[in-house]
Amino acid sequence: FIITRRYRWIYIAAMTAPRDIMALLSYVKILLFMRSQDKRNNIIADVFRENVAKYPNKPAIIFEDEEWTFTDVEEYSNKIANIFKSHGYKKGDVVSVFLENKPEFICIWLGLSKLGVVVPLINTNQRLSPLVHSITIAKSQAIIFGVELSSAVREILEQIESSVALYEVSAASSNHISGSTDLRFQNLSMLLKEAPSTPPVLTEKVGHHDHLVYIYTSGTTGLPKAAVISNSRYMFIAVGMHFIPRFRRNDRFYIPLPLYHTAGGCMTVGQMLIFGSTIVIRKKFSASAFITDCKKYDCTVAQYIGEMCRYILAVPRKPSDIDHNLRMMFGNGLRPQIWSEFVERFHIPSIAEFYGATEGNANIVNTDNTVGAIGFVSRIIPTIYPISIIKVDEATGEPIRNSKGLCVLCKPNEAGAFFRFASILLLFLTVSEPTLR
């Protein structure tokens, strides 16, 4: 090797071997877990039910002053399933959910999924045309929305089909339920009071590869597009984020992100549904309350996205900055320029930065706490997870090809497009789904 000037490869292999071996072991765990669920034809609700049996009284969701146990989530979701089954909804039907962050958000789509009903998760910031588009592109037969969003629904009543059923989740307390007086709105909170909490009796089995939810793109380049997330894909995303950064079942996860996107609603909510962890959700992100909340709810892992870490860093310093039990933060968008400062100020032992897209077919994760990195490409066994950054035309986005018609790989420090090649491992698991157009 030295004679053929391959000594540099030997050096790189020696330095990266521990990282690559750990990642490979994690990937094998993911594939084995997924193959097991596929063989059993399990859906998310099936795996969650197993966790209910293991941890019936363990907190599943914490929200402000509310604490929902695994049993509470199971019973509420069963009520939802029984209500909509009695209203004639069945496998393959589509019911949109238009709710702010709250425990009911998770319980409602989980309950509908038990029937095989597909649930578009609609961005609560949408109004008028984008909202109509999101409802109609998914062919929604009903909309479940919070009373706080009822005015947004009223604004579009004339633009959606009159056959679309409207279910309002009213503001509820132990003794009082209030809602709007609109005659088209059915009060779901009232229906829940009479619904049985036992599992629904089904005549058609919902399968591992059946559609679960639609998660919309942000709409920054046009109207939002709905990416199809099946039970298997949802599971793969959550399981991947569990094994690669090495989460633990006893972790408490802090989620200040919207639950209608993949990051919060799948990667982290999935830790509760699939692995029996406790999640702490917040209605909206607050930079000043981030560390305080993590301390208050005894969280061990917290999630971020975009410029959130910069906003947290901009909060005036105080002694309580290090008064928490966080062992890890994960997300994407932590800039290299503030990475070290953020970690040192808040005493965060580990950062797991990742890169991926809801509608994409590849993702990478920084598994070894390397400052500034969003992931890595193995130099030893690149064919195991064949991803690359290829050169593209900046004007058109089309790949640049060599004289043989093949894509050209980027050199270090060159910008390009993230790309995954076909792999033999895809025979074991399909990790991409179509996008609704």
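User: Which residues of helix 5 are buried?
Analyst: In helix 5, which spans residues 128-137, the buried residues are Leu-131, Val-132, His-133, Ser-134 and Ile-135. Buried means under 20% relative accessible area, exposed means over 50%, and partly exposed lies in between (1.4 Å probe, protein chains only). Helices (H or I, at least four residues) and strands (E, at least two) are DSSP runs, numbered from the N terminus. This is a predicted model, in which local features need pLDDT of at least 70 and side-chain atom pairs count only at pLDDT 80 or more, while totals for chains, interfaces and linings use all residues. Residues are numbered from 1 along each chain as its sequence is written, and side-chain values use heavy atoms, with hydrogens and water left out.

User: What covers those buried residues of helix 5?
Analyst: The cover includes strand 3 (95-98), strand 5 (142-146), helix 6 (150-154) and strand 10. Just after helix 5, Lys-139 takes a positive phi of about 55°.

User: Now the nonpolar core. Which residues touch the most other members of the largest one?
Analyst: They are Phe-84 and Trp-109, in a core of 106 residues. A nonpolar core is a set of buried Ala, Val, Leu, Ile, Met, Phe, Trp, Tyr and Cys residues joined through side-chain atoms within 4.5 Å. Another core lies apart from the largest one; its 23 residues include Phe-98, Val-118, Ile-135 and Phe-185.

User: And what does Phe-84 touch?
Analyst: Not counting residues up to four places away in sequence, Phe-84 touches Tyr-89, Val-95, Leu-112, Leu-115, Ile-144, Tyr-167 and Leu-188. Contact here means heavy atoms within 4.5 Å.

User: How many salt bridges does the structure hold?
Analyst: The structure holds 17 salt bridges. A salt bridge is a side-chain nitrogen of Lys or Arg within 4 Å of a carboxyl oxygen of Asp or Glu. Side chains of opposite charge can pair when their charged atoms come close. One of the bridges joins Arg-19 and Asp-20, with the closest N and O atoms 2.8 Å apart.

User: Are Arg-19 and Asp-20 buried or exposed?
Analyst: Arg-19 counts as buried because its relative accessibility is 17%. Asp-20 is also buried, with a relative accessible area of 5%.

User: What does the bridge between Asp-46 and Lys-205 tie together?
Analyst: The closest N and O atoms of Asp-46 and Lys-205 are 3.2 Å apart. Asp-46 lies in helix 2 (residues 44-54) and Lys-205 in the loop between helix 7 and strand 10, so the pair ties together parts that are 159 residues apart in sequence. Asp-46 is buried at 16% relative accessible area, whereas Lys-205 is partly exposed at 46%.

User: Where are Glu-74 and Arg-49?
Analyst: Glu-74 is in helix 3 (residues 70-86) and Arg-49 is in helix 2, 25 residues apart, and the pair links distant parts of the chain. Their side chains meet in a salt bridge of 3.4 Å, N to O. Glu-74 is buried, with a relative accessible area of 8%, and Arg-49 counts as partly exposed at 31%. Salt bridges that share partners join Asp-46, Arg-49, Glu-74, Lys-114 and Lys-205 into one network.

User: Changing topic: is His-208 buried or exposed?
Analyst: His-208 is buried, with a relative accessible area of 0%. Its place is in the loop between helix 7 (188-194) and strand 10 (211-216). Leaving out residues up to four places away in sequence, His-208 touches a set that includes Met-34, Asp-38, Asn-42, Ile-43, Asn-231 and Met-235.

User: How far is the backbone oxygen of Asn-42 from a polar atom of the His-208 side chain?
Analyst: That distance is 2.7 Å. A polar contact is a pair of N or O atoms within 3.5 Å; within protein, one must be able to donate a hydrogen and the other to accept it, and residues adjacent in sequence count only if both atoms are side-chain atoms.

User: What about Ser-288, where is its place?
Analyst: Ser-288 is in the loop between strand 13 (278-281) and helix 10 (290-296). The side chains of Ser-288 and Ser-286 are joined by a polar contact of 3.3 Å. Apart from its neighbours within four places in sequence, Ser-288 is in contact with Val-315 and Lys-318.
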